[in-house]
Amino acid sequence: MKKIVLPLLCLVLSTPVFPQSARFTMSGTISDAENGEDLIGVNVFVPSLNTGASTNVYGFYSLTLPKGKYEIEVSYLGYETVKMTVDLSENSKRNVRLTTLTKTLQEVVVTGEQQNVNVARAEMSVERLSAKEIKSLPAMMGEVDLIKAIQLLPGVQSVSEGSSSFSVRGGGHDQNLMLLDEATVYSASHLMGFFSVFNNDAVKDVKLYKGDLPAAYGGRLASLVDVRTKDGNSQKFSGVGGIGTISSRLTLEGPIAGDKMTFVLSGRRTYADVFLPLAKEQRVKDAKLYFYDVNAKLNCKVNDNNRLFLAGYFGRDVFASENLSEMDFGNKTLTVRWNHIFSPKVFSNFTLIGSYYDYATEIDMNESIAQDWKSTMRDMGGKADLSYHPDPQNNVKFGYGFMHHAIARGTGGGVGENSIIRRFELPEDYAIDHAVYASNESTLFRKLTLRYGLRFSLFQNLGNDDYSYRYVDYESADSTFREKGKVYNTQWRLEPRVGVNYMFNEKHAIKISYSRSAQYIQLASNSSAGSPVDLWFYASENVKPQISDQFAFGYFRNFYDNMFESSVELYYKNLTNVVDFKERASLFVNSRIDGELRFGKGYAYGAELLLRKNKGALTGWIAYTYSRSFRKIDRVNNDEWYRSPYDRPHSISVMLNYDFQPKWQFSAGWVYATGIPVTYPLGRYQIEGLYVPIYSKRNEYRYPDYHRLDLSATLKLSKPSNRFRHELNFSLYNAYGRKNPWTVYFKQDEENPDRMKGEMMYLFSVVPSITWNFNF
């Protein structure tokens, strides 16, 4: 490990810095004056030196300058700019609180940060959404959803109707790392994907990285979704909520001990089950259909240099039908964080993380086939992240993380004395991963910024007092007993990340990036959309980690004083050790899932265009994505290249908001996407009275193209200055009733038994909803 850590630190610390004599550091935190929430990405600028800094995800900034007197500007879009004179003759701490602008028709904006951040920041392939921005989108079933908002961004495509799963730049939905306050969320779906687990009332900020992940993160190939929840209002007790036709929610926050400790408590529940007893049919009366979730957070400011956070999430879905089946599943996460400022130049964050996901199914159609099945996943680990700000030209980050993984892939079988199905218990799988990283963002001169870093990841399989099976040329070769807790297989990878931003001026820039990522855990699923009962499995002695090498180029241009921003990004991804399944793979209750796998290579390429309007009464964006994704897998599709399940060449999203002062706000969203690839049966033959289907080549056909229009209108029922404010939201999902396919299946033609006919199943036509929202 020392051989890895020392070169990493040398790499990022090799950038020369100015002599430290007669140089001092101003540091502190920047927060919202109204609620005390730390603000992310605030610009702290020194006009006389044309240099500055920005706040991190905890609102901390650090700015080192030569001794002297300076005018400092602290600015954040949507807030009053603070100007102050600083006589920097020693290290000083300056905490700043910003006041929101009085909202007029000309001041309506849809984002925070500095106005040309898309041009100025070194990162590319990054999208950021605030809770306010997400709230302005049309609601589905009466509630605005974070995942649905992400699916409207360039490079992101939903994998099926209504689903919370999505594909980024042709990657699989299991290649997206979903973090809630640093804890991994393995299933982000509620109500079979029509809601996500992220309650927008509790969300502070969300950032999407499309392949070009920061060196601090890894383990997935396609994207990182980093969701941060609110810290709690330190100025007063407040709340926000809504009562709708499908669900209701309530979020409360406020101080506990002055401004030293705050809390946030947020809950949601659907109540379709409340109305099911009113149905005429008995089987509907006895059914269950609901979900609930709770977010909770405590934030304790010990002193100016130390803060503690405790955040947790608990959610559950329940589906049941009388005498048929029952299924419930849910996530639990727990995060404990300690922020410590070692010096004005060194900020640290130490985190303990726990994540738990489980599901259970029960089928009770008949006593002879009554059965159940349970499975769990558990992560426990920690990480240390540090940032060092030697001067305004460099921002060094480094850290270490580890995680212990445990998967109980399944226990179950027959239930009751009369069941003919045998009981089973699949062996548990254990693994531990480590990662150490270092990176630097260096401004070489005013127009050129270089971002570079290196991540070293190491993955180890642990024994479980059972046998592991080694496969050679996809055939079982031998087995070995593995003692519980002992490491029996180790794999590691180096993951370099580098990016360059050249700004021609404040209005336009070009960016180039390269990143390598490794993925050691993947999903076993026969569906491109995924389901709550899919199985995860690890890299092992039979499975190498999947590797993605992504190259990207982008041009970014703003117009009319940053009212409009535009971008064009091109990318190419080379994929190795790609995992797929053999023809007619058996995934259910299979203790030797490695034997169902096949390996190969792949590639993806595409282009993303975005035009966004940020100011004025009319705001929104238009995004177009061209995306292709292909695979070549051993012994699959006759060893020929084929479309991946996420190959959808064309997608368009249009999102518009009109703020009609003082009462009304209107929103509209339209999406279009090429149909997903699918393998159809072309015919069949008969053997001893049994019909055997003959399938097309892998993913040779496509579902019909997908498109949908959503509309929303919000009527404000009170003045903005009122202590209690409320509004009515009217939403129309799929306004023109497009019947988009959820699945296509084939069955025997009743009139001609020798033929099969295909039928399409769709979920929704038009779905209206009304929600009463309030805050105080």
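Author: Let us begin with Arg-337, which counts as buried because its relative accessibility is 3%. Bear in mind that this is a predicted model. Arg-337 is found in strand E23, which covers residues 325–343. Its side chain makes a polar contact with the side chain of Tyr-58, at 3.1 Å. Leaving out residues up to four places away in sequence, Arg-337 touches Tyr-58, Asp-181, Glu-182, Lys-297, Arg-307, Leu-308, Phe-309, Asn-349, Phe-350 and Thr-351.

The side chains of Asp-181 and Lys-297 meet in a salt bridge, with 3.9 Å from N to O. Asp-181 lies in the loop between strand E12 (176–180) and strand E13 (183–184), while Lys-297 lies in strand E21 (residues 288–303), so this pair ties together parts that are 116 residues apart in sequence. Asp-181 and Lys-297 are both buried.

Glu-182 forms a salt bridge with Arg-228, and their closest N and O atoms are 3.3 Å apart. Here Glu-182 lies in the loop between E12 and E13 and Arg-228 in strand E17 (residues 223–229), so the pair ties together parts that are 46 residues apart in sequence. Both partners, Glu-182 and Arg-228, are buried.

Arg-228 has a further partner to show you. It forms a salt bridge with Asp-226, the closest N and O atoms being 3.2 Å apart. Arg-228 is buried, with a relative accessible area of 6%, and Asp-226 is buried with a relative accessible area of 6%. Elsewhere, salt bridges that share partners join Glu-127, Arg-169, Lys-210, Glu-565, Glu-569, Glu-608 and Arg-612 into one network. A search of the whole structure finds 43 salt bridges.

The protein is divided into domain 1 (19–120) and domain 2 (126–775). Taken over C-alpha atoms, the centres of domain 1 and domain 2 are separated by 33 Å. Where the domains meet, 39 residues of domain 1 are in contact with 54 residues of domain 2. The area buried between domain 1 and domain 2 is about 3900 Å², and carbon and sulfur atoms give 45% of that area.

What about charged pairs across this interface? Between domain 1 and domain 2 the count is two salt bridges. Arg-307 takes part in a salt bridge with Asp-38, where the side chains meet at 2.5 Å, N to O. Across the interface of domain 1 and domain 2 there are also 17 residue pairs in polar contact. On the side of domain 1 that touches domain 2, the elements that give two or more residues are strand E1 (23–32), strand E3 (51–54), strand E4 (60–66) and helix H2 (117–120). E4 provides the largest share of that side, five residues. The residues of the side of domain 1 that touches domain 2 divide into 14 nonpolar, 17 polar and eight charged.

Gly-59 is buried, with a relative accessible area of 0%. Leaving aside neighbours within four places in sequence, Gly-59 is in contact with Gly-28, Thr-29, Ile-30, Asp-38 and Leu-39. Gly-59 and Val-96 are 37 residues apart along the chain, and their C-alpha atoms are separated by 10.0 Å.

Thr-251 sits in strand E19 (residues 247–255) and counts as buried at 0% relative accessibility. A polar contact of 2.6 Å joins the side chains of Thr-251 and Ser-266. Not counting residues up to four places away in sequence, Thr-251 touches Asn-199, Asp-201, Ala-202, Ser-238, Gly-239, Val-240, Val-264, Leu-265 and Ser-266. The C-alpha atoms of Thr-251 and Asn-200 are separated by 10.0 Å, and these two residues are 51 residues apart along the chain.

Definitions and conventions: Residues numbered from 1 in each chain as written. Predicted model: local features only at pLDDT ≥ 70, side-chain atom pairs only at ≥ 80, totals over all residues. Heavy atoms only, no water. Salt bridge = Lys/Arg side-chain N within 4 Å of Asp/Glu carboxyl O. Helix = DSSP H or I, 4+ residues; strand = E, 2+ residues; numbered from the N terminus. Buried < 20%, exposed > 50% of the residue type's maximum accessible area, 1.4 Å probe, protein only. Domains from an automatic or database assignment. Contact = heavy atoms within 4.5 Å. Buried area = accessible area lost by both parts, 1.4 Å probe. Polar contact = N/O pair within 3.5 Å; in protein donor to acceptor, adjacent residues only side chain to side chain. Nonpolar A, V, L, I, M, F, W, Y, C, P; charged D, E, K, R; others polar.
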